[in-house]
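Have the structure open and follow along.

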Amino acid sequence: MFIRSEVVGFGRYLPEKVLTNDDLSTMVETNDEWIRTRTGICSRHVVTNETTSVIAGKAVTMAIKNANMTPQDVDLLIVASVTPDLTTPSTATLIAAYLGLRPGVPAFDISAACSGFVYALTLADNMIRLGQVKTAVVVGAECLSKIVDWTDRNTCVLFGDGAGAAVLRATAGKGDNTDIGVLSTCIFSDGHNAEFLKTTGGVSSTQNAGFVNMNGKEVFKHAVVSLAEAAETALKQAGIEKDKINWLVPHQANVRIIESVGERLGLEPEKVIVTLDHHGNTSAASIPLALSENTENGRIKKGDVIVLTAMGAGFTWGGAVIRL
Ligand code: UT7
């Protein structure tokens, strides 16, 4: 029997507090027009007292409920984040305790920046297909507001906080491109580009988390190429032609990058999901946030073919094809 990972539920959480572009223009030398036209972002959510495990826990709770399951059904929890509550233990173990997962269930964090959800999905899918677990929860969650320098207009207008989650369940498939579930995943990295997007500190170097620092132009240049290439690789591995794509769900960093990737793939703009207008760049949370929102509002439907593609600090990048 060929095992596939069916995606059976999505969840999300955005903190209550909203920062608009006009709010930011009172903090740094910027304005709504510049931010909207250069990035596509209108507002973002930021935490007040909540931590990453709290917002992730809320997204996971919603995803498990939407999957008609309980925390007792979960065999694996993977958290993708660059903003953990603590250096150790992992955010995943904190969430596991908060949600009441069965003692013994493996729970761990991965660090792959904005590609984190695609990386975590890849690991969960492989563990399911190997028969190691039956039900896996994958969550991307970030409190980027905690590592943003709120006096740096080059970065502070871009990022937001939030969490998105997906529940995967083992299901029988045929092993061909007509199956439902995760049809392919691919992940990549090239540490030679680490300088272009990084924090100014870390535990073993400065003993603090530091702040996000980015060469936006360089990241932009790489993003348009690697996002398109990752999508194309994932499609090739899944054996799915571009005309069969219902939705492209790209990492939400900049609407100009998203439009360029859609064009490179030859997709009509209507097939490209854009959500960053109301939550900015939420790193590992951006793809599952978009999936949760657009399955709930009925745009993405059961049976649709979805292409995910992400790129972030490292650089890391990756793609996936899912038939819902
Ligand atoms: O999530 C991981 C992936 N991340 C990304 O993909 C982000 C990729 N990069 C980008 O999205 C874009 O490069 C940015 C949105 C970050 C910047 O857009 P840009 O078109 O590359 O602008 P720029 O950095 O070249 O800046 C153009 C001008 C500069 O002024 P001068 O030097 O031309 O006088 C900046 O100082 O815009 C200025 N500027 C701003 N002006 C108003 C930079 N930030 C701001 C701001 N408000 N917030």
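## Who surrounds the ligand

In this predicted model, 23 residues surround the ligand, counting a residue as near if one of its heavy atoms lies within 4 Å. The closest are Thr30, Arg38, Lys217, Asn254 and Asn281. By type, the shell splits into eleven nonpolar, seven polar and five charged residues; here Ala, Val, Leu, Ile, Met, Phe, Trp, Tyr, Cys and Pro count as nonpolar, Asp, Glu, Lys and Arg as charged, and the others, Gly among them, as polar.

## Polar contacts and burial

Some side chains make polar contacts, meaning pairs of N or O atoms within 3.5 Å. Ligand oxygen atoms sit 2.6 Å from an N or O atom in the Arg38 side chain and 2.9 Å from one in the Arg153 side chain. For Asn281, a polar side-chain atom lies 2.6 Å from a ligand oxygen. On its own the ligand exposes 960 Å², and the protein buries 75% of that (Shrake-Rupley method, 1.4 Å probe).

## Where the shell comes from

Helices α2 (32-39), α6 (153-156), α7 (216-238) and α8 (255-264) each supply at least two shell residues; helices are DSSP runs of H or I, at least four residues, numbered from the N terminus. The top contributor is α7, with four residues.

Domain 1 (2-173) and domain 2 (181-323) both give residues to the shell, so the ligand lies between them. Those bounds come from an automatic or database domain assignment.

Residues are numbered from 1 along each chain as its sequence is written, and side-chain values use heavy atoms, leaving out hydrogens and water. Local features need pLDDT of at least 70 and side-chain atom pairs 80 or more, while totals for chains, interfaces and linings use all residues.

Methods: A polar contact is a pair of N or O atoms within 3.5 Å; within protein, one must be able to donate a hydrogen and the other to accept it, and residues adjacent in sequence count only if both atoms are side-chain atoms.
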